[in-house]
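Please read the following report alongside the sequence and the model.

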Amino acid sequence: MSDTVRLPEVFESFTEARRAGFLEMKKLKDSGQGVVGVFCTYTPVEIFMAAGLIPVSLCSTSDETVAEAEKTLPRNLCPLIKASYGFAVADKCPYMYFSDLVVGETTCDGKKKMFELLGEIKKVHVMQLPQTQNTNLALEQWRSEILILKSKVEEIFGVTISDDDLRQAIRSKNQERALLKELYELSRQSPPPLTGLEQLRILFGAGYKFDHSKKLQELREAIEALKNKAASPVDKADKRIVITGCPMGGATEKVVQAIEDSGGVVVAYENCIGAKQYDRQVRESGDPVMALAQHYLAIGCSVMTPNPNRLELLERLCRDFKADGVVEVVLQACHTYAIETNAIGQFLKARSWPFLSLETDYSQGDVERLKNRAAAFIEML
Ligand code: BJ8
């Protein structure tokens with residue numbers, strides 16, 4: 001890669017954020033800062049921000065502790081769940097260690113049962129997430145769950161969260177969403193100014209920067225640097241791929257690598273590392289708790305039935321990013337995403353977008369198979 005296409009230095013700090021964040025978090029803890037560990041995009045993190053707490057993602061993305069987890073959990077379980085639990089029992093995740101409270105939701109069956117076990121070693125609060133989106137009952141239930149979470153946080157941390165605190169947190173988080181969206185939307189260009197792997201690492205790293213205003217400033221700098229880049233690292237002829245499916249980062253970079261080693265470039269992530277989190281803003285007017293309830297309940301995850309919002313977002317991304325094809329990543333034993341595969345394939349076929357679904361886990365044992373399948377798919381585009 002020549003100097004003109006190499007990413008500017010500001011990006012290094014995003015790539016290194018998860019590791020560097022360990023030390024930063026230790027310093028924050030030493031100064032008395034409260035920390036809340038979270039697992040899912042449905043978690044209304046504004047509640048913690050409004051309370052002056054730091055939310056941090058606990059979803060582990062390596063297979064380092066899967067064997068440890070399998071002493072308790074079944075082998076035939078999603079690697080994300082096994083890794084998350086494994087890091088907790090093995091006491092190997094500093095973010096889990098530093099979390100004063102862990103918040104989970106009743107999303108998939110595996111996760112909600114894992115939270116019961118996690119509750120034996122950490123202070124855990126589980127939000128009862130409705131399984132459907134478009135009813136008043138579901139919205140009211142989710143709003144009540146957010147109010148329960150708010151009370152729980154106030155009680156545990158001895159704070160009071162006012163509506164104004166919530167409005168301020170909503171504005172701050174919206175700024176972050178807008179900047180991350182602006183950044184990944186630069187990949188609408190042809191060729192995009194960064195590879196899909198670089199985009200993934202920035203999106204992933206942004207979750208491990210705990211000084212919010214500094215993070216926003218760094219994102220602005222990163223966007224400027226990308227806009228001013230003299231040349232792209234991507235060949236204009238590379239096939240433009242939108243990724244959908246389970247959350248990614250860490251070990252699952254191997255899928256992006258396989259695509260980008262085969263003449264493709266990932267331009268957008270529909271999943272929880274990307275657009276699913278940052279595409280929409282929380283409404284800044286009216287009752288802030290209702291605004292949070294409406295925003296989070298509308299996330300298009302396969303744990304919802306039915307799940308039309310995933311299709312709406314996926315179609316929009318395919319059009320906006322001029323996709324040549326869609327690759328779905330399904331983590332092994334994730335039944336809800338695996339069952340949606342067929343409907344997603346039909347939906348895309350009806351719109352003439354080629355589709356490939358890849359099942360994987362956090363091991364490196366299937367790298368060759370992924371490469372072969374990605375290469376065959378891209379060759380056909
Ligand atoms: S909003 S995608 S982060 S639930 S853990 S469902 S992979 S079997 S992670 Fe998720 Fe929230 Fe939805 Fe996003 Fe499947 Fe594994 Fe369950 Fe998973």
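The report begins with the basis of the model and then turns to the helices.

This is a predicted model, in which local features need pLDDT of at least 70 and side-chain atom pairs count only at pLDDT 80 or more, whereas totals for chains, interfaces and linings use all residues. Residues are numbered from 1 along each chain as its sequence is written, and side-chain values use heavy atoms, with hydrogens and water left out.

**Helix packing**

Two packed helices are described by the angle between their axes and the distance between the axes. Helices (H or I, at least four residues) and strands (E, at least two) are DSSP runs numbered from the N terminus; axes are lines fitted to C-alpha atoms, for helices over the stretch in contact, with angles from 0 to 180 degrees between N-to-C directions.

The axes of helix H15 (residues 308–320) and helix H16 (residues 335–349) come within 12 Å and cross at roughly 45°. H15 and H16 are therefore oblique to each other, given that angles under 35 degrees count as roughly parallel, over 145 as roughly antiparallel, 65 to 115 as roughly perpendicular and the rest as oblique. Their crossing is right-handed, a term for the near helix being turned clockwise from the far one by less than a right angle. Arg310, Leu311, Leu314, Glu315 and Cys318 of H15 meet Tyr337, Glu340, Ile344, Phe347 and Leu348 of H16, where contact means heavy atoms within 4.5 Å. These residues divide into seven nonpolar, no polar and three charged; Ala, Val, Leu, Ile, Met, Phe, Trp, Tyr, Cys and Pro count as nonpolar, Asp, Glu, Lys and Arg as charged, and the others, Gly among them, as polar.

Within H16 lies Phe347, which counts as buried at 13% relative accessibility, buried meaning under 20% relative accessible area, exposed over 50% and partly exposed in between (1.4 Å probe, protein chains only). Leaving aside neighbours within four places in sequence, Phe347 is in contact with Leu311 and Glu315.

For helix H12 (residues 253–260) and helix H17 (residues 367–380), the axes come within 8 Å and cross at roughly 40°, and H12 passes H17 in a right-handed crossing. Lys254, Val255, Ala258 and Ile259 of H12 make the contact with Val367, Leu370, Lys371, Ala374 and Ile378 of H17, and by class this contact has seven nonpolar, no polar and two charged residues.

**Ligand shell and a buried helix**

Of the 16 residues around the ligand, Cys40, Cys108, Cys272, Cys301 and Cys334 come nearest, a residue being near if one of its heavy atoms lies within 4 Å. The shell has 13 nonpolar, two polar and one charged residues. The C-alpha atoms of Cys301 and Phe347, 46 residues apart along the chain, are separated by 16 Å.

Nine of the ten residues of helix H10 (residues 196–205) are buried, so H10 is largely enclosed by the rest of the structure. Among the buried residues are Glu198, Gln199 and Phe204.

**Backbone details**

Most residues other than glycine have a negative phi, and most peptide bonds are trans. The table lists backbone features in this model that call for a look.

| Site | Feature | Value |
|---|---|---|
| Ser190 and Pro191 | cis peptide bond | omega about -5° |
| Thr305 and Pro306 | cis peptide bond | omega about -5° |
| Asp91 | positive phi | near 55° |
| Ala333 | positive phi | about 70° |

Pro191 is placed in the loop between helix H9 (163–185) and H10, and Pro306 in the loop between helix H14 (288–297) and H15.
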